[in-house]
Amino acid sequence: MIKSNRHLSWAEPYKIKMVELVHMTTRAEREQAIKKAAFNTFLLRSKEVYIDLLTDSGTSAMSDMQWAGMMRGDEAYAGSENFYHLEAAVRKYYGYKYVIPTHQGRGAENIISKIMIKPGDFVPGNMYFTTTRLHQELAGGTFVDIVIDEAHDAENEHPFKGNVDLKKLDALIKKVGAKKIPYVCIATAVNMAGGQPISMENLRALRELTKKHKIPIIHDMTRVAENAYFIQRREKGYADKPVAAIIKEICSLTDGATMSAKKDALVNIGGILAMNSKKIYEEASNMVVVYEGLHTYGGLAGRDMEAMAIGITESVQDDHIRARVGQVEYLGNKMIAAGIPIVKPVGGHGVFLNAKKFLPHLDQSVYPAQTLAAEIYLDSGVRSMERGIVSAGRQKETGVEHRPNLELVRLTIPRRVYTQAHMDVVFESVASVFDDRKKIGGLKMVYEPKYLRFFQARFAKI
Ligand code: F0G
C-alpha cells in the first residue's frame, strides 16, 4: 500500500467483474440438511450453504490476470513453460533455490516427511496442524509442541502467539539429542492457534539455536503473507518495510518449505515443496514422481501452475494483504464489541469462536465446537468448522483422545470473495445463536474414521 493512503480504511483493492449466485435456504431445509450431514459441516452440500466460511483453502477468487494465465497453460507432460514461471515466482518472492510443485500442501508434507523423518524421530513444531502431524507420524516421527503457552489460551492477547518457546525446544534437544530431530517445523500464521503470527525476532533466535545444533527449519508457509503483514504492523523496525520484503526475510531464516498454495497464494488447487539443499531437492524430485507426478508438474495442470505464479505475485502486495486481514478484523471486532468470546488478537484468516466460553454448560466430551458449528448453520446457512477435540484426534501410541485447550469454531474468510455486508450477516447470525446459547445441547460421535476424523466423522444429538 502506498504509505500516504494509510489514513483510508481497508477497502478492497479490486472491483467485481463477475458474480456467482448463492443459495438461500429455509430453516426447515437446513434442519433436514444438517441431519443428513450428521452434524458435520464437512458433509453438507455446498448448495445447502449461504455464506461458506468452512475454509479459506482453495476458495479464494482468482483475478482476471490469473484467469487469463489459465488460458496460457502449456500442457506438456514435461518442462511446461508454466513450471518455469512458477519457479521464477518462488525464487523471486520466497527466495528458495529449488521448487517442486505438488497437488496441494499435504502432497509436499508427505514427501518432506518421508525424506527427512526416520522412525523414532521427534518433530517439534509451533502447534500441530492436522495433515502435517499425520504425515510426520506416518513417517514414524512424533510431533512435539513447542509453541509458547500463550497460544493455547484463547483470551491471551500476546501479539505473536505463533512464537516458539525456545526453552521447550532446548529441553527436547537435551532429552532426545539433536540427531533425533530431523527438523523443526515452523508455521507462519499458525492456523490451529487462530491464525497467529510468529515474530521475526523469535524466528531469528530460533535460527541461532537450531544452527548451533545443526537442525534445519522447514517452514509451513501456507499463510506467510498474513504473518508478514502482522510483523509490519506489530514488530519494531518493520512499519515501513513492504510485506514482500518481510516475506523474503522470513524465508531466508529457514531451509525449506511446504506450502498449500490454496490459501495465501490465491489458487483453487496447488502446492509447493521448496528448499535450498540440492541433496534434498534431488531426493524429492525423484520421490514426487511416485506420489504426485513429474517434478515439473507435480499433479498440476500447466494452467494451475500459471495461476499460482500470478497468485504468488498478487498475494505479496501490501494493499491486497491489508484489505484481506482488514476484512477479518472487521468481523472479529464486531464480535468483540458484542461480548462474543473469540480468540484474541483477531487472526489473519478467520475469526475463531471460543466454544468453551460460548457454551460453558457443555463438557468437551460432547463436542461443544462441533455443536456450535451445526447451530450456526441451522440459524442462517453460514458454514463454519470445528477446531477442537474432534480435529485434534487421538494420540498415536495410546489411542487416547487429545484434549486440546482450544475448543474453537473457525469462521474462515475466503480471500476476495465476500463483502462487508456478508460479514454483517455472519455477525448477526452468531449473535442470535449467542442469545439462545443456553438452550443448546451436545452431540455424540456415532462414526469415527481412522485418519483425520473431523473431515468425515458423524454425530447425533444426545
Ligand atoms: N498447512 C496448513 C497450515 C494448512 O492450513 C493446511 C490446510 C495444510 C498445511 C495442508 O494443505 O489442504 O493444501 O493439503 N488447511 C486447510 C484448512 C485444509 O482448512 O485450514 P492442503
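## Helix crossing

In this predicted model, helix α14 passes helix α16 in a right-handed crossing (right-handed if the near helix is turned clockwise from the far one by less than a right angle, left-handed if anticlockwise). The axes of α14 (residues 368-380) and α16 (residues 420-435) come within 9 Å and cross at roughly 115°. Axes are lines fitted to C-alpha atoms, for helices over the stretch in contact, with angles from 0 to 180 degrees between N-to-C directions. Helices (H or I, at least four residues) and strands (E, at least two) are DSSP runs numbered from the N terminus.

On the α14 side the contact (heavy atoms within 4.5 Å) is made by L372, E375, I376, D379 and S380, and on the α16 side by S429, V430, S432 and V433. By class, four of these residues are nonpolar, three polar and two charged. Ala, Val, Leu, Ile, Met, Phe, Trp, Tyr, Cys and Pro count as nonpolar, Asp, Glu, Lys and Arg as charged, and the others, Gly among them, as polar.

## Basis of the values

Residues are numbered from 1 along each chain as its sequence is written, and side-chain values use heavy atoms, with hydrogens and water left out. Local features need pLDDT of at least 70 and side-chain atom pairs count only at pLDDT 80 or more, while totals for chains, interfaces and linings use all residues.

## Domain interface

The protein is divided into domain 1 (6-56 + 318-461) and domain 2 (64-315), with bounds from an automatic or database domain assignment. Their C-alpha centres lie 25 Å apart. In the interface, 37 residues of domain 1 are in contact with 50 residues of domain 2.

The two domains bury about 3300 Å² between them, 51% of it on carbon and sulfur atoms. Buried area is the accessible area (1.4 Å probe) that two parts lose on being put together, summed over both.

## Salt bridges

A search of the whole structure finds 30 salt bridges (a side-chain nitrogen of Lys or Arg within 4 Å of a carboxyl oxygen of Asp or Glu). Between domain 1 and domain 2 the count is eight. R233 pairs with E329, the closest N and O atoms being 3.0 Å apart.

R383 forms a salt bridge with D52, with 2.8 Å between the closest N and O atoms. R383 lies in strand β10 (residues 382-383) and D52 in strand β1 (residues 51-52), so the pair ties together parts that are 331 residues apart in sequence.

## Backbone exceptions

The peptide bond from K344 to P345 is cis, with omega near -10°. P345 sits in the loop between α12 (318-337) and β9 (350-354).

Y367, in the loop between α13 (355-358) and α14, has a positive phi of about 60° although it is not a glycine.
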